[in-house]
Amino acid sequence: DTLIVWSEGDNFDLALSFQEKAGCDEIWEKICQVQGKDPSVEITQDIVEESEDERFDDISDSAPPIELPPCELSRLEDINELIGNCLSTPVRKEKLAIALENEGYIKKLLNLFHTCEDLDNIEGLHHLYDIFKNIFMLNKNALFEVMFSEDVIFDVVGCLEYEPTLAQPKRHREYLRQLARFKQAIPITNAELLAKIHQTYRVQYIQDVVLPTPSVFEDNMLSTLSSFIFFNK
């Protein structure tokens, strides 16, 4: 053999070529001497550790699924606590997002929102505010697709009106429905395009006005929301 091959980083494979085997062996022995390796072994370079994503996938696959409480009024405090606790690690966030999607949990929560408003259950509405604020922090496009659909987006906005620190709820739904009139300079006859324009405006409003101003850390957690808006435009 008259080749010495090695890798530097993920994308660089380098090689030294020799005309004679004796010269190759001499350099190889000197390299191994510096490295403290055995020159009789063909492969001396350490195996590159698996990437962060691969390690995350391994951990995620082995982690147990998140068990969501029954979606009932009496369990809102438990649901709020569970979702808040799941934000602490990427694996738990991933498992929670999967559970919420698989169980159709968002629409179940929004049914509770209607019940809380009908009963004027302020404590429950405050829990729902925290729950949905934290669901946004999961940063999952599949969940955004559900929350921003035409039939539920106003209910999601409604949940975010009941910030616990405020004496009176905000009136975001009223603004979006009555005050923000969409003026068409050129009439748009394509219903799908018109729906997309309305959705983009509402989601942009949620990001800019409804959600609390994020910290630098939280801003990174909402990157998928920004992407959702960008690709809608």
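Is arginine 202 buried or exposed, and at what relative accessibility? At 13% relative accessibility, arginine 202 counts as buried, since buried means under 20% relative accessible area, exposed over 50%, and partly exposed in between, with a 1.4 Å probe and protein chains only. Keep in mind that this is a predicted model, where local features need pLDDT of at least 70, side-chain atom pairs count only at pLDDT 80 or more, and totals for chains, interfaces and linings use all residues. Residues are numbered from 1 along each chain as its sequence is written, and side-chain values use heavy atoms, with hydrogens and water left out.

Arginine 202 lies in helix α10; helices here are DSSP runs (H or I, at least four residues), numbered from the N terminus. Leaving out residues up to four places away in sequence, arginine 202 touches Glu150, Ile153, Phe154 and Leu176, where contact means heavy atoms within 4.5 Å.

Now turn to helix α6. Helix α5 (residues 105-119) packs against helix α6 (residues 122-137) at about 155°, with the axes 10 Å apart. Axes are lines fitted to C-alpha atoms over the stretch in contact, and angles run from 0 to 180 degrees between N-to-C directions. That angle makes α5 roughly antiparallel to α6 (over 145 degrees; under 35 is roughly parallel). On the α5 side, the residues that meet α6 include Leu109, Phe113 and Cys116, and among their α6 partners are Leu128, Ile131 and Phe132. By type, the residues of this contact split into eleven nonpolar, one polar and one charged.

Helix α3 (residues 76-85) also reaches α6: their axes come within 9 Å and cross at roughly 25°. That makes α3 roughly parallel to α6. Residues including Ile79, Asn80 and Ile83 in α3 meet a set in α6 that includes His127, Asp130 and Asn134. Here the tally is six nonpolar, five polar and two charged.

Note on methods:
Helix = DSSP H or I, 4+ residues; strand = E, 2+ residues; numbered from the N terminus. Parallel < 35°, antiparallel > 145°, perpendicular 65-115°, else oblique. Nonpolar A, V, L, I, M, F, W, Y, C, P; charged D, E, K, R; others polar.
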